[in-house]
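Please look at the structure before reading on.

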Amino acid sequence: MNDKQERPFGLRDKIGYMFGDFGNDFTFIFASSFLMVFYMKVLGIPGAMVGTLFLMSRIVDAFTDITMGRIVDTCKPGKDGRFKQWIRLMAGPVAIASFLMYQSSMAGASMTMKIVYMYGTYLLWGSICYTGINIPYGSMASAITEKPDERTGLSTFRGIGANLAQLIIGVLGPIIIYTKDESGAQVIRNSGNIFPVIAGVFSICAVICYVICYKCTTERVKIEKEENSTKMTLGKTFAAIFSSRAILGIIGAAIFLLLSQLLISGLNTYLYADYFGDIKAFSSFTFINVSFALILAIFVGKIAKAVGKKEAAIIATTFTAAVYVLLFILKVRNPWVYMVSAAIGFLGVNFFNLIIWANITDVIDDAEVRTGKREDGTIYAVYSFARKVGQALAGGLSGYALQMIGYESAAKIQTPEVLNGLYTISTIVPAVLFLCVALMLFFVYPLSKKKVEENSEILKERRLNHN
């Protein structure tokens, strides 16, 4: 800690940290929900090519994420802290890069130019700019407070920020982007020219959120780096990672979670527009789902403290899996019945999302207990890379699945076989993936309520002795 008096941890930090994820998700959730739609329906790029982009970009992320994590851990702290300085530096670039991805003027270019444009702008946003702000932001939670309960509060507020972004993008996005033509079919408004307008507005909103995050948070936990400590190479870093059940467990759970969530997010636009023929129900689903999540946030801290983060998350994700199995069996045709049922099922996933960032700080603490070294940025970078792998696989899976069932992006109305296939992959596949999340947490992830409390006491005692 600094010798000078610092403002104690409180609601201001939670609100500031919330706005950080709010800013992140103005570009991340928009890309997760509508970027594939833009590529396929506006630019006319085949789904398999889009899926390949998402997969190939993760190879790049394997290097950029870890590199950024090492930079954060080894760079000299700025006047505003080790992590906050990156929010200040990268807020503008990530917003601009996001805006560049949605230029509908490229629709008339050759397919070669479209592919070059798609790869260039997506890698600039996701692998460079988003990585440059997301890794420090996520790592910063460990520096704001060292108390497990307060970190759970930060995680909960971060989840609220993500849900607020989801509320805005998920509710307004489909209504603004889609319209009906003379035949009643759902089509992209204004031949896709609406995309750069929305992207520009969301980019401005992201910058505003980052400014609030920067102004309202304070880094309190100062980890002094040893002058003669051995440098961690990429090989040593991965060796340490694969020797930790905690890291492997949370990475496995994260990949399955992202696969399931982003598969649903990517397919829901098609499911509601084509299978149900009612895109407004998609907006209503988002509104109800986020409303449930915001109400749930009131109770998350108490539940996690009483039951344990790991234990409660296992129950929650198993519940979500069961609901999606039921939806698959029932073959629901009414969009409103499906929408309400899915929103209830998502309570389980929303619970895990509200505490998962506290799990990451638990993992960082566990690594410090085992190795004696604090590597916030590196461990968070590895976790972030795992999330991007889940994102890429989901994007690729969505594109390949749509092509596999014979989905025609140029067709206004899909065949009954395609619609049935769309419903199937939108229900049973996520159900299996959600169950895999619960299994990873149960069998691999070792940080139970008791273990987290033990680690916290060990680190508290070490720092008192060090001072």
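The model is predicted.

**Helix packing**

Two packed helices are described by the angle between their axes and the distance between the axes. The table gives both values for two pairs.

| Helix pair | Angle between axes | Distance between axes |
|---|---|---|
| Helix 9 and helix 14 | about 165° | 9 Å |
| Helix 1 and helix 7 | about 160° | 7 Å |

The crossing of helix 9 past helix 14 is left-handed. Where helix 9 touches helix 14, the contact residues comprise 24 nonpolar, 6 polar and 2 charged.

In the second pair, helix 1 and helix 7 pack at about 160°, and therefore they too are roughly antiparallel to each other. Helix 1 and helix 7 also cross in a left-handed way. The contact of helix 1 with helix 7 is made up of 19 nonpolar, 4 polar and 3 charged residues.

**Cavities**

How many cavities of 30 Å³ or more does a search of the whole structure find? The search finds 4. The volume of the largest cavity is about 670 Å³.

A total of 34 residues line the largest cavity, and those nearest its centre are Ile-29, Ala-162, Gln-166, Gln-261 and Asn-353. Several helices each supply at least two residues of this lining, including helix 1 (11-42), helix 4 (111-139), helix 6 (148-177) and helix 10 (279-307). Helix 12 (335-371) and helix 13 (376-404) are also among them. Helix 9 gives the largest share of the lining, 7 residues. By type, the lining of the largest cavity holds 14 nonpolar, 15 polar and 5 charged residues.

**Salt bridges**

Side chains of opposite charge can pair when their charged atoms come close. The count of salt bridges in the model comes to 10. One of the pairs is Arg-220 with Asp-13, whose closest N and O atoms are 2.7 Å apart.

Technical notes:
Residues are numbered from 1 along each chain as its sequence is written. This is a predicted model: local features need pLDDT of at least 70, side-chain atom pairs count only at pLDDT 80 or more; totals for chains, interfaces and linings use all residues. Side-chain values use heavy atoms; hydrogens and water are left out. Axes are lines fitted to C-alpha atoms, for helices over the stretch in contact, and angles run from 0 to 180 degrees between N-to-C directions. Helices (H or I, at least four residues) and strands (E, at least two) are DSSP runs, numbered from the N terminus. A crossing is left-handed if the near helix is turned anticlockwise from the far one by less than a right angle, and right-handed if clockwise. Ala, Val, Leu, Ile, Met, Phe, Trp, Tyr, Cys and Pro count as nonpolar, Asp, Glu, Lys and Arg as charged, and the others, Gly among them, as polar. On a 1 Å grid over the protein atoms alone, a cavity is a set of points where a 1.4 Å probe fits but cannot get out, and a pocket is an open set with protein on both sides within 12 Å along at least five of seven lines; lining residues have an atom within 4 Å of a point. Grid points are joined across faces, edges and corners, and a volume is the space filled by probe spheres set on the points. A salt bridge is a side-chain nitrogen of Lys or Arg within 4 Å of a carboxyl oxygen of Asp or Glu. Angles under 35 degrees count as roughly parallel, over 145 as roughly antiparallel, 65 to 115 as roughly perpendicular and the rest as oblique.
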